[in-house]
Amino acid sequence: MEENKTQVTEFVLKGITDSPDLQIPLFLVFFLIYVTTMVGNLGLIFFIWKDPHLHTPMYLFLGNLAFADACTSSSVTPKMLMKFLNKNDLISLGECFAQFYFFCSNATTECFLLVVMAYDRYVAICKPLLYLVVMSSRLCTQFISVSYIIGFLHGLIHVGLLFRLTFCRSNIIDHFYCEILPLYTISCTDPSINILVIFIFATFIQVSTFMSIIVSYARVLFAILKTKSGKGRSKAFSTCSAHLLSVSLFYGTLFFIYVLSGSGTDMHQGKMYSLFYTIIIPLLNPFIYSLKNKEVLSALRKLMR
């Protein structure tokens with residue numbers, strides 16, 4: 001048993017499907033998605049940096065959200081594309097833990113950035129005269145720094161706990177990336193502590209940040225309904241609806257994976273949920289925030305001229 005425990009130094013990722021006929025079509029689909037994701041998110045960051053009119057707290061937070069989305073997608077998609085193309089389904093223990101760490105830290109950072117963005121909209125709409133005073137450059141920098149620090153520490157906790165596990169039952173991970181829950185199923189060590197810790201942290205982070213966002217937007221909604229100006233009300237609704245759509249997509253899938261993971265969700269459904277929040281949401285976010293945003297569209301038109 002001890003000899004077997006030391007033999008597992010790399011894992012096999014099963015991927016989305018084993019069908020040989022689907023490998024090339026799936027490669028083309030996900031390659032296109034990845035390129036679009038990177039162009040959309042990095043392009044949004046470039047527009048925000050290039051246009052002085054976008055140098056405001058709202059777009060500073062949006063730029064960091066785009067960066068987190070680009071990092072989330074990059075932590076998962078390249079390895080998946082390699083498997084589609086050359087059947088390279090092996091990943092070392094260190095690479096596996098590193099992949100999950102970068103995904104976990106960026107996803108956690110995104111949770112807190114969404115809270116900060118909700119608070120920014122609350123101050124802008126409910127306390128417009130105090131906006132520049134409250135959302136100072138110093139406070140914005142602190143908000144962003146704390147979001148990244150929490151993400152860094154959260155990922156570190158779970159990866160640190162992974163090192164207490166040994167793997168000898170199997171080296172096959174039935175997933176398209178090193179997701180932490182499938183790792184627990186092939187562990188020879190009892191993962192009960194790890195499962196308890198991830199459930200506590202996932203529940204606390206997701207529920208606390210989600211409730212903070214809901215409270216902020218509830219107060220924003222009441223303020224919008226009191227607004228007499230039709231134009232102001234329309235603009236506020238447009239901005240907040242984009243934020244709420246992004247929040248709903250992100251938190252909905254994370255909640256199903258990490259909080260309701262013990263409710264009988266099969267592996268195929270788990271892969272689909274994971275596919276949504278690791279690849280599809282980073283693709284959609286820059287378009288959700290940009291297509292109805294006059295300032296971003298104006299910056300794009302200026303750059304094209």
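A residue counts as buried here when its relative accessible area is under 20%. In this predicted model, that label goes to 47% of the 305 residues of the protein. The fold is built from 11 helices and 3 strands, and reading along the sequence gives the pattern α-β-α-α-β-α-α-α-β-α-α-α-α-α. As for how the chain packs, take the contacts with a separation of 6 or more: 79% of them come from residues 24 or more positions apart.

One of the helices, H4, gets a closer look. H4 runs over residues 93-126. With its 34 residues, H4 reaches 50 Å from the first C-alpha to the last, close to the 50 Å expected at 1.5 Å a residue. H4 is also mostly covered, with 25 of its 34 residues buried.

Next come the aromatic side chains. A pair of aromatic rings is described by the distance of the centres and the angle of the planes. Rings pair up when their centres lie within 6.5 Å, and by this rule the count comes to 16 aromatic pairs. Take Phe-27 and Phe-31: their ring centres sit 5.8 Å apart and their planes are at 15 degrees, so this pair is stacked, the cut-off for stacking being under 30 degrees. Both residues belong to helix H2 (residues 23-50), and because they are 4 residues apart there, about one helical turn separates them. An α-helix has 3.6 residues a turn, so residues three or four places apart point the same way. As for accessibility, Phe-27 comes out at 15% and counts as buried, whereas Phe-31 has a relative accessible area of 42% and is partly exposed.

Phe-97 and Phe-163 make another aromatic pair, this one edge-to-face, with 5.1 Å from centre to centre and 90 degrees between the planes. Phe-97 is in helix H4, while Phe-163 is in the loop between helix H6 (137-162) and strand E3 (172-173), so the pair ties together parts that are 66 residues apart in sequence. Phe-97 is buried, at 3% relative accessibility. Phe-163, on the other hand, is exposed, with a relative accessible area of 61%.

Aromatic rings also gather into a cluster, made up of Phe-100, Phe-103, Phe-176, Tyr-177 and Tyr-277. Thr-278 sits in helix H10 (residues 267-290) and is buried, with a relative accessible area of 0%. The side chain of Thr-278 reaches back to the backbone oxygen of Ser-274, at 2.6 Å.

Rolling a probe the size of a water molecule over the atoms shows where empty space is left.

Thr-166 is partly exposed, with a relative accessible area of 26%. The side chain of Thr-166 makes a polar contact with the side chain of Thr-189, at 2.8 Å. Thr-166 and Cys-188 are 22 residues apart along the chain, yet their C-alpha atoms are separated by 5.5 Å.

Ser-187 also meets Thr-166. The location of Ser-187 is the loop between helix H7 (180-185) and helix H8 (192-226), and at 1% relative accessibility this serine counts as buried. A polar atom of the Ser-187 side chain lies 3.4 Å from the backbone oxygen of Thr-166. Setting aside residues up to four places away in sequence, Ser-187 touches Leu-165, Thr-166, Phe-167 and Arg-169.

Terms used: Residues are numbered from 1 along each chain as its sequence is written. This is a predicted model: local features need pLDDT of at least 70, side-chain atom pairs count only at pLDDT 80 or more; totals for chains, interfaces and linings use all residues. Side-chain values use heavy atoms; hydrogens and water are left out. Rings of Phe, Tyr and Trp (its six-membered ring) pair if their centres lie within 6.5 Å; planes under 30 degrees apart count as stacked, over 60 as edge-to-face and the rest as tilted. Helices (H or I, at least four residues) and strands (E, at least two) are DSSP runs, numbered from the N terminus. Buried means under 20% relative accessible area, exposed over 50%, partly exposed in between (1.4 Å probe, protein chains only). A polar contact is a pair of N or O atoms within 3.5 Å; within protein, one must be able to donate a hydrogen and the other to accept it, and residues adjacent in sequence count only if both atoms are side-chain atoms. Contact means heavy atoms within 4.5 Å. The expected span of a helix is 1.5 Å times one less than its number of residues.
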